[in-house]
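Student: Please take a close look at one part of this model for me. I want the core strands and the helices packed on them, in one connected answer.

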Amino acid sequence: MSFVRGARLFFIQCHASVTATNRCFLSRTVNTVVFSHGKESGPWGHKITAMAAVVRDLSLGVESVDYRGLEDPGQRVEKLVKVGGEFKAPLVLVGSSMGGHVSAAAATRLKARALFLLAPAFYMPGLEKYTPQDIAVPTTIVHGWHDDVVPVDNSIRWAREHRATLHVLESDHRLEDQIGPICVLLRAFLTGLDASL
């Protein structure tokens, strides 16, 4: 066996070993990632499907709650709390738009380990008092600079008040053109949890 081939094989084996070790540590911190979709979408839209593949690759459980037919955010929160209590804990909650608000509102009651939120519907006009504030877990927000549904300033404000990590991307509210970078951010967020908790 040549030196270069041997070195390459050693690198691949080490990489696989490190990846398996990271998964082992992560599995002690998180068991299930629970997705909550936005008002106009469904439980297995393009973004959630792509992010779920990242989660499965990390050997974690995946659940996506179906809120279709429930327009009231409060009812969605109650549904997440009810069904989330049946999922294998510890949980990480991932939500988009209204699903981000719902995930944050349910986090304390579900004893979630962390939050990953896409353009969360925080501080919306007339509903500011309903923006979740009792959050004491690692939180990352991803928002688009050109969001005309939930202003990016809302996430900047919430992130500043709660010392959350904030990534602002060149996109709109749906963030459909940034799924690749979002998946990279989600993977980094999940694999970094064992060090932050």
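**A close look at the core**

Tutor: Start with a charge on a ring: R157 lies over the face of Y123, 3.6 Å from the ring centre. That label requires NZ of Lys or CZ of Arg within 6 Å of the ring centre and within 35 degrees of the ring normal. This is a predicted model, in which local features need pLDDT of at least 70 and side-chain atom pairs pLDDT 80 or more, while totals for chains, interfaces and linings use all residues. Residues are numbered from 1 along each chain as its sequence is written, and side-chain values use heavy atoms, without hydrogens or water.

Now the strands. Helices (H or I, at least four residues) and strands (E, at least two) are DSSP runs, numbered from the N terminus. Take β3 (91-96). Six of its six residues are buried, meaning under 20% relative accessible area with a 1.4 Å probe and protein chains only; exposed is over 50%, and partly exposed lies in between. In a regular strand, side chains alternate between the two faces of the sheet. On one side of β3 sit L91, L93 and G95; on the other, V92, V94 and S96; all are buried.

β3 has neighbours to either name. It runs parallel to β1, joined by five bridges; strands pair if DSSP finds at least two bridges between them. V33 has V92 of β3 as its bridge partner. β3 also pairs with β4 in the parallel sense, again over five bridges. There, G95 stands opposite L117, and S96 has L118 as its partner.

β4 is covered as well. Five of its five residues are buried, so the rest of the structure largely encloses it. A114, F116 and L118 point one way; L115 and L117 point the other.

The structure holds two aromatic pairs. In one of them, the ring centres of F116 and F189 are 5.5 Å apart and the planes meet at 45°, so the pair is tilted. Rings of Phe, Tyr and Trp (its six-membered ring) pair if centres lie within 6.5 Å; planes under 30 degrees apart are stacked, over 60 edge-to-face, the rest tilted. This pair links distant parts of the chain: F116 is in β4 and F189 in helix α6 (residues 179-191), 73 residues apart. Both F116 and F189 are buried.

Next, helix α4. Of its 13 residues, 10 are buried, so α4 is largely enclosed by the rest of the structure. Among them are M98, H101, V102 and L110. The buried residues of α4 pack against β1, α3, β3 and β4, with contact meaning heavy atoms within 4.5 Å. K111 follows α4, with a positive phi near 55°.

Last, α3. Its 12 residues should span 16 Å, and the end C-alpha atoms are 16 Å apart, which agrees. Buried here are R76, V77, L80, V81, V83 and G84. The buried residues of α3 pack against β1, β2, β3 and α4. D72 caps the N-terminal end of α3, with a side-chain oxygen 3.0 Å from the backbone nitrogen of G74.

Conventions
Expected span 1.5 Å × (residues − 1). Polar contact = N/O pair within 3.5 Å; in protein donor to acceptor, adjacent residues only side chain to side chain.
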